[in-house]
Amino acid sequence: MSSIVSILVKQKKLILTTASLLALFGLLSWFEMNRQEDPFFPYRNGFILTQYPGADVNRIEKQVLKPLEEELAQVEEIKEIRSTVRAGFVQVVISMHEYIYDTDTVWDKVRRAVDRAQLLFPDGVMTPSVEDRLTDTAVAVFSISGDNNIINLRKAAKEIKNRLFILDSVGKVSFYGMPEEQISITVDQAELKKLNLSHEYVAQQISDRTRVVPINALHAGSRRINIDAHSEFSTLEELKNAIITLPDNSHLPLSTIANVQYEPASEASSAFWDGNQRAIAMAVYIPDNILNVVEFGKQLRTFVDTLRTEYPDLAIEEMFFQPDQVDNRIAELGQSLLTGMIFVTIILAVFLGLRPGLVVALIIPLVTFSSLAVFNIGGGVLHQMVIAGMVIGLGMLVDNAIVMVENIQFHMDRGKRGSVASVTSVKQLAMSLGSATGTTIAAFMPMLLSQGNAADFTRGIAVMIILSISVSYLYAIMVTPAFSHLFLKQRTEIKTSFFERLGNRLGHIATARPNIIGVVALLFVAGSLYLFNFVQKDFFPDTDRNQIVIDLSYPESSNINHNAQQSRVIAQQIAEYPEVQRVMTFVGNAGPTFYYNLIEKPRAPHIARIVAIINDVERSAEFTDWIAQEIEPNHPEITILARKLGQGPPVEYPVEIKIMSQDRALLAETARSIQQLLLDTPGTRGVNNTIGLGMPSVDLIPRDDLLHRNNITRDQLAAGIALRTSGRVIGQYRGDEDPINIVMQSPNNIRFPIDDINDLQINSNDEVLSIRSLMEYQYRWLPASIQHLDLQRTASVFSETATGFTYADVMAEVLPQLEQMEWPAGVSYQIGGDAKESGEANSSLGNALPIGVILLLIFLLMEFNSYRKVLIILITVPLAFAGVPIGLLLTGTTFGFTATLGVLALIGIVVNNAIVLLDLIHKNTLDGLPLQEAIQQAVGRRTRPILLTTFTTVAGLLPLVMTKSTLWPPLAWSIISGLITSTALSLLVVPALYQKLIKH
């Protein structure tokens, strides 16, 4: 060991050159490596969507959803299956277990399960689509407008989409508010009657002309010649002029008896307005973790500028542009990193002395950027979690260097040459600093090894801190001695510093009054635990963006045209608010996921989302309160929830209670009871449930005896009604890029009066029969939707939180009452929302905690080989938490998941300090000093490095407190407040415990 240390100390040039080159590569990596704003979430969530046109919810539940869910339930990696059935379609949302990272393999299993279920579907069910990229975030969203003809706008949007794929990095392009197209044939009823024609007669002739009849190619010599019989319409004009043969064998063009129009589908599935302008939203997606988002943003902007010149009549405007957010966030955190470095350097120069301070200050950029270099080489992506880890690690990474420099200077002051002092110090400290570094790493291992969305979101912090302190240890025993040999000089006059005098005084107090110190420390920890009850709890804070999301939920039975009209009225009212810059309205879906925390709702005709851009994010609460007070009361039939964007894993509602029961009546009754409970609870806002009021249904029941007598089948009767009312697809037009449905419909189409169905007439042979004579009416009230959770019928009661409240405040009131409720037989409930996510995140962290504890014990026993000394260090762990509640209460900061991570960081720092102090006490006793003198001398020498660690850590974290981001103040204040109090306590408690427990 001695010879190895001597060789390393002598290789100063090699060591300094290697460290400098690695740090230079890290600095270049800062500017060149792949980057994004937030970490990537594994694709654990996705959905399956399938349609069954014309079927009601009960039929779909039994014939489509049941076999689909039963097959999916056999995929063991699936954690939760949530399904929603609406008239005509079903959507199944899948969530995998949090330990799943090979999601592609699971999605293959899901697709095979869907294929098996499809074999059991009845005729008429369309092929299910599986979307396994539900958590993708759009890198940019554009608004395309400028043409009042929405069909022309559709064509232009599709052309623009295809052009975008010229950019290699574009993964997919999705549209929102894109109109479906159709060719409508609206027959003139009077003309048909005059010519004695039926709808079926005309429809059949058109349908016959839309069939594709392939003919094999012919061979002529050495060539193949394609044969096209033109069995279908090639132009719209050709369709309009299609010859209709009359019963008397005369002919006339279709346009004489019907209006043929290429137009949007009668019932849109979605719509979008940018302000008051009807538009199409285009979301651009790129692969995660393999691209520099900022550089791609520059390419995309340049390319879109080119598109604007090619489409001068269109407005292609940015709505959401993620590269700007990434650039701003990284620049802000980079500024925090630089500011932290400057603060730490100043503190080192002031409190450590110019030359020792310079040595340690030089280590800071070397360690920081060398760690980033290693991270980049390992394929890491630069995002805010990584940079935050670098900032948090600033104070910790100088700890080893401070102790090493102090020790080298100590030996040089006592007459040893620089090289000898360096070798001696490395021999003395290599093991203890290694153990201290190992224990700090152990404190972060739960954060590194825990699984799930919250862990995936914050893991970058642990990765960078572990990298930084590992590199700092290597540089402390290799680079610091090299710098010390160059810069440190023997001090001719050794004065007792203020820190040493302070340490001697603390050591004297600790050895003189160990019992009093123990009692005071115990009371302080107990008082902190009591104060923690008054700290407001949250999961993750809201973001600092100036984008406000206003979600609208209409009755499930409402139609999308009505919802669009109402949404535009509300959007206009919001646009008139003085702070609002821009308003965007999505109807029929929740729009694109322009922010990672949003949940995509791809098809839901009863929902709408308004996104408002406001001037000042500080006035967000005022704005959302205005919506609650001024907008919501004017629309009692609509649930209106305005909120800021959140942080952390996506959660639909902060407060959610899920009820399960197969009995729909019990489900509805229980949901109403819990809804009233939430309404009566302080802090709730926008309380509602998902069970809805249902929707009316008119069942037309055929009279089979009359149908048989008139040679009419049920299919023919239903098809005839569709042709004369809302419309029926009778063929496809393939003269354009994509096939377009040809729909025969009445002039009123989907607005056909219900009462007029009785007056419809169906042709049978030469007779004209009324619907009234062939069918009986039956009115029913059906569920507008049916929800399932893990194959059980369910309903959710949910709410937002009012200003000044968190989910924890609400659930603290609600949970005791839920536990006291008398639940009917067959009814159960689950807690969802932030409470569920927070519980799962903390549980995952707790499951990984034993690994950290085991590693901690291993390093401590390797260092001390004494259970009593290990016990002394473990007793200091509660001290890490002691000051946290005080700091959070004084700053008005909530305790959430990031604050929990701050407490873990605190444990590593406090244990590190205790190890360094305990190690020197042990060495002093081995040198023959009396126990009391050994303790006092050790506290005197270690007070400055311990306090400097505290000062530098606090200084490094202060820029995080001052950032615009809401994510970092809870973490920073937890560490700052906890570190200040725990450092003061540790300098007294550790020597006091040593005095009491260790006998020499």
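**Backbone, packing and cavities of the predicted model**

Leu 791 is placed in the loop between strand 29 (785-789) and strand 30 (792-801). In this predicted model, the phi of Leu 791 is near 75 degrees, a positive value in a residue other than glycine. With a relative accessible area of 29%, Leu 791 is partly exposed. A positive phi in a residue other than glycine also occurs at Asn 749, where the angle is near 35 degrees. Asn 749 belongs to the loop between strand 25 (740-745) and strand 26 (761-764), and its relative accessibility of 8% means that it counts as buried. Most residues other than glycine have a negative phi.

The protein as a whole comprises 30 helices and 31 strands. Its C-alpha trace spans about 125 × 80 × 55 Å along the principal axes. Of the 1000 residues in the protein, 57% are buried. Among contacts with a separation of 6 or more, 80% are made by residues 24 or more positions apart.

Helix 27 (residues 884-891) illustrates how buried positions are arranged on a helix. Val 884, Pro 885, Gly 887 and Leu 888 are buried in this helix. These residues lie on the same side of helix 27, because they cover an arc of only 165 degrees around the axis. The elements that cover the buried residues of helix 27 include helix 16 (514-532), helix 26 (877-882), helix 28 (897-926) and helix 30 (969-997). Gly 892 follows helix 27 and has a positive phi, near 70 degrees.

Aromatic side chains form a further set of interactions. The count comes to 20 aromatic pairs. In one of these, Phe 539 and Phe 540, the ring centres are 4.8 Å apart and the planes stand at 70 degrees, so the pair is edge-to-face. Phe 539 counts as buried, at 3% relative accessibility, and Phe 540 likewise counts as buried, at 5%. The rings of Tyr 577 and Phe 623 have centres 5.1 Å apart and planes at 50 degrees, and this pair is therefore tilted. Tyr 577 and Phe 623 link distant parts of the chain, being 46 residues apart. Tyr 577 is found in the loop between helix 17 (560-575) and strand 18 (580-587), whereas Phe 623 is in helix 18 (residues 620-631). Both residues of the Tyr 577 and Phe 623 pair are buried. A cluster is also present, in which ring pairs link Phe 41, Phe 457, Phe 539, Phe 540, Tyr 595, Tyr 596 and Phe 897.

Aromatic rings also meet charged side chains. The charged end of Lys 172 sits over the ring of Tyr 285, at 4.7 Å from the ring centre. Arg 941 lies over the face of Phe 410, and here the distance to the ring centre is 3.8 Å.

Rolling a probe the size of a water molecule over the atoms shows where empty space is left. Six cavities of 30 Å³ or more are present in the structure. The largest cavity has a volume of about 280 Å³. Its lining consists of 20 residues, of which Gln 36, Asp 38, Thr 137, Asp 288 and Gln 322 lie nearest the centre of the cavity.

Technical notes: Residues are numbered from 1 along each chain as its sequence is written. Side-chain values use heavy atoms; hydrogens and water are left out. Rings of Phe, Tyr and Trp (its six-membered ring) pair if their centres lie within 6.5 Å; planes under 30 degrees apart count as stacked, over 60 as edge-to-face and the rest as tilted. Buried means under 20% relative accessible area, exposed over 50%, partly exposed in between (1.4 Å probe, protein chains only). Helices (H or I, at least four residues) and strands (E, at least two) are DSSP runs, numbered from the N terminus. A charge sits over a ring if NZ of Lys or CZ of Arg is within 6 Å of the ring centre and within 35 degrees of the ring normal. The arc is that of the directions from the helix axis to the C-beta atoms. Contact means heavy atoms within 4.5 Å. On a 1 Å grid over the protein atoms alone, a cavity is a set of points where a 1.4 Å probe fits but cannot get out, and a pocket is an open set with protein on both sides within 12 Å along at least five of seven lines; lining residues have an atom within 4 Å of a point. Grid points are joined across faces, edges and corners, and a volume is the space filled by probe spheres set on the points.
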